[in-house]
Amino acid sequence: MNKILLAIVTAAFALRLGYAVGSGELRKPQTWEYEQIATNLVEHQTFLYQDRAGRHHRSYAEPLYPFLAAAVYLVTNHNFAALVLLQLAIAAATVWMTGYATRLATGDELIANAAALLMAIHPGFIRYSSILHPLVLDAFFFIAAAAALLRYRQGGRTSRPPWEADETSALLSRRGVIAAAVIGFGALTRPTILVFLAPLCWIAWRSRDTFARRVQRAALVALVAFAIVAPWTIRNAIVHRTFMLTRSGTGLVFWLGHNPASSGSAKDAEGMRIIEKAPPDLRIRFVASGELERDRMLHDAAWEYIRADPLAAIGRVVQRIYSFWWFSPQWGQAFSPTAKLIYRGWWAFLLVLIAAGLVRSRHRDLWLMAALALLISLGQSVYYVEGRHRLAVEPLVLPLAAAGLTSLRRKRSAATTASTSRP
């Protein structure tokens with residue numbers, strides 16, 4: 001690690017720790033449903049969430065974050081500060097990983113350091129680092145998977161003599177397995193990371209090797225990723241007696257994006273939960289049904305609404321894509337007007353830099369990371385969109401912003417040099 005990047009990572013941790021202490025989040029952090037699941041794991045050895053209406057959910061969320069929180073609570077006597085500090089360390093590692101992935105993509109330490117710096121001072125990441133939510137893991141695994149993918153792709157570029165072919169093949173296999181493992185563990189906190197498997201398998205297939213080895217390598221990376229997810233999928237099959245990759249509730253999140261009261265978010269502009277605006281007959285059946293029945297019911301209701309007006313459904317998806325990359329009407333309901341203005345300004349600044357990076361950068365690996373972020377946003381927009389969903393994939397586009405920033409800086413420096421050298 002170069003000294004500048006190390007200083008940036010250290011500063012990132014200090015900024016996040018300062019915010020956690022100053023806001024009181026270090027000892028009394030904001031909690032979500034995962035807190036109840038982690039507590040139930042420690043106290044009752046049960047992966048269970050009970051919602052405000054008393055309904056039980058045995059597969060409410062992906063397992064990685066609740067199990068991580070439970071492990072911390074088990075050894076610290078349910079100490080919030082210990083979990084927050086661990087999250088701050090993961091967040092600092094994400095800053096380093098952003099710089100590392102950028103250097104892999106560009107070979108330019110200045111751009112890599114700029115990307116890490118943008119990540120370090122990003123107000124959204126500073127705030128969410130001390131909230132007890134899986135976002136800190138989501139962001140880490142997305143950028144870690146990108147770095148592993150790039151390292152795997154670049155390993156295939158080296159041409160070695162025939163007598164070293166076996167060594168090259170083994171190296172590529174190891175790197176492919178590492179990338180697949182990162183994707184597999186990432187799927188246990190955010191399943192949309194599985195889109196990374198498509199370019200990973202393609203890279204394995206395109207490598208310079210025999211046909212049999214290419215097939216073997218492509219199959220291996222897919223198998224490794226799904227083998228990591230498989231134990232939880234098997235657990236879900238035993239509990240629910242049906243196939244469920246990571247969680248229940250996909251019907252609910254699909255319905256949130258496709259129903260007569262849909263706002264694109266889980267809440268409307270006044271802050272009322274969309275599920276509370278469901279038709280009375282649907283709400284009655286929803287309350288009386290079990291976990292899987294509720295999910296199927298909402299899934300069927302969403303498809304019925306889509307079939308009634310497919311063009312309107314497409315329009316809603318397009319609107320959510322816009323909200324994903326900008327802001328929805330529901331965004332920032334808990335923020336002050338000043339905080340909202342500052343954050344909008346920050347994101348507008350980043351968008352300008354991203355646009356500059358797209359125009360001026362010739363690094364295809366930066367475009368690959370941005371394309372993966374775009375694919376994830378498209379998949380998310382089929383369901384519903386909150387501000388935190390974009391935050392999870394922003395590490396994939398910050399390298400482009402860094403490329404834009406450094407290109408503008410270099411252009412200005414060149415112009416200054418030219419002007420001072422004139423007689």
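The side chains of Asp365 and Arg153 meet in a salt bridge, with 2.5 Å from N to O; a salt bridge here is a side-chain nitrogen of Lys or Arg within 4 Å of a carboxyl oxygen of Asp or Glu. Asp365 lies in helix 16 (residues 364-381) and Arg153 in helix 7 (residues 135-155), so the pair ties together parts that are 212 residues apart in sequence. Helices (H or I, at least four residues) and strands (E, at least two) are DSSP runs, numbered from the N terminus. The model is predicted: local features need pLDDT of at least 70, side-chain atom pairs count only at pLDDT 80 or more, and totals for chains, interfaces and linings use all residues. Residues are numbered from 1 along each chain as its sequence is written, and side-chain values use heavy atoms, with hydrogens and water left out.

**Salt bridges**

- By this rule the count comes to seven salt bridges.
- Asp365 counts as buried at 4% relative accessibility, whereas Arg153 is partly exposed at 21%; buried means under 20% relative accessible area, exposed over 50%, and partly exposed in between (1.4 Å probe, protein chains only).
- Glu62 forms a salt bridge with Arg247, the closest N and O atoms being 3.6 Å apart.
- Glu62 lies in the loop between strand 2 (56-57) and helix 3 (64-76), and Arg247 in the loop between helix 10 (211-240) and helix 11 (250-257), so this pair ties together parts that are 185 residues apart in sequence.
- Glu62 is buried, at 9% relative accessible area, while Arg247 is partly exposed, at 26%.
- Arg273 and Glu276 also meet through their side chains in a salt bridge (3.0 Å, N to O); Arg273 is partly exposed at 29% relative accessibility, and Glu276 is partly exposed at 34%.

**Helix packing**

- The axes of helix 12 (residues 280-288) and helix 13 (residues 291-308) come within 9 Å and cross at roughly 155°; axes are lines fitted to C-alpha atoms, for helices over the stretch in contact, and angles run from 0 to 180 degrees between N-to-C directions.
- Helix 12 is therefore roughly antiparallel to helix 13, a term for angles over 145 degrees.
- Leu282, Arg285 and Phe286 of helix 12 make the contact with Arg294, Met297, Leu298 and Ala301 of helix 13, where contact means heavy atoms within 4.5 Å.

**Surroundings of Gln36**

- Gln36 lies in helix 2 (residues 33-44) and is partly exposed, at 27% relative accessibility.
- Leaving aside neighbours within four places in sequence, Gln36 is in contact with Leu48, Tyr49 and Gln50.

Definitions and conventions:
Angles under 35 degrees count as roughly parallel, over 145 as roughly antiparallel, 65 to 115 as roughly perpendicular and the rest as oblique.
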